[in-house]
Amino acid sequence: RSLCTYGFPLKKLKSNLNLDLSYQYARTPGMVNDVLNAANVHSFGTGVTLSSNISDKVDFTLSLRPVWQQTRNTQPNFGDVAFLNAVSRAKLNWIIAEGFVLRTDVRHSLFSGFSDGFNQHIWLWNLGIGKKLFKNERGEITLAVNDLLRQNRSIARTVTEVYTEDTQTNALTRFFMLSF
């Protein structure tokens, strides 16, 4: 595994920009019907994140992280596979009025190269509004809704030396939460 990150300030935007590259390699041997096969899995990722504290009232983060994974088997009849999983995200914390805070987090996940029915776009939007309380605003009460669009799904791909499996499991969908 390797991960390289480089970050630097963007003074005009009062923001920070972070760029990263990642690579992961795994080799998994196995035997099926007395035939030795090894799955060589290469994962390449890149990412860009823009984060800011442009004022004491606004804080935001924008990011994009695609990961391309390719599996090559030593036995040609075991089938090679490749897929893309990309996640983009936008977060905002904004003090909109005296002591009131708006928080929103939108995440988009793209699954491409999966089995039929698993190539999907999933949007997950969380939204909350809070009110600062007490002296020096040391407390807060917040009403939030998670998965506002009711699209939360859990999709995963497992690649071994013997098979490739795409799964979708139940995930917690929309719920409301009052927190203090």
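In what order do the elements of the chain run from the N terminus on? They run β-β-β-β-β-β-β-β-β-β-β. The count comes to 11 strands and 0 helices. The radius of gyration is 21 Å, well over the 16 Å that the globule rule gives for 180 residues, so the chain is more spread out than a compact globule. This model is predicted.

Now take the overall dimensions. The C-alpha trace spans about 75 × 40 × 25 Å along its principal axes. Of the 180 residues, 26% count as buried. The chain exposes about 11,800 Å². Carbon and sulfur atoms supply 57% of that area.

Contacts tell how the sequence folds back on itself. Take those between residues at least 6 apart in sequence. Of these, 48% join residues at least 24 apart.

Charge comes next. The chain carries 20 positive and 14 negative charges. Their mean positions are 10 Å apart.

Finally, look at one residue, N37. N37 lies in strand 3, which covers residues 35-52. Is N37 buried or exposed? Its relative accessibility is 1%, and buried means under 20%, so N37 counts as buried. Which residues does N37 touch, leaving out those up to four places away in sequence? On one side of the numbering come T28, P29 and G30. Further along the chain come N73, T74, Q75 and F78, and then E161.

Note on methods
Residues are numbered from 1 along each chain as its sequence is written. This is a predicted model: local features need pLDDT of at least 70, side-chain atom pairs count only at pLDDT 80 or more; totals for chains, interfaces and linings use all residues. Side-chain values use heavy atoms; hydrogens and water are left out. Helices (H or I, at least four residues) and strands (E, at least two) are DSSP runs, numbered from the N terminus. The radius of gyration is taken over C-alpha atoms; the globule rule is 2.2 Å times the number of residues to the power 0.38. Buried means under 20% relative accessible area, exposed over 50%, partly exposed in between (1.4 Å probe, protein chains only). Contact means heavy atoms within 4.5 Å. Accessible areas come from the Shrake-Rupley method with a 1.4 Å probe; for residues, only the protein chains shown count as cover. Lys and Arg count as positive and Asp and Glu as negative; His and the chain ends are not counted. The place of a charge is taken as NZ of Lys, CZ of Arg, CG of Asp or CD of Glu.
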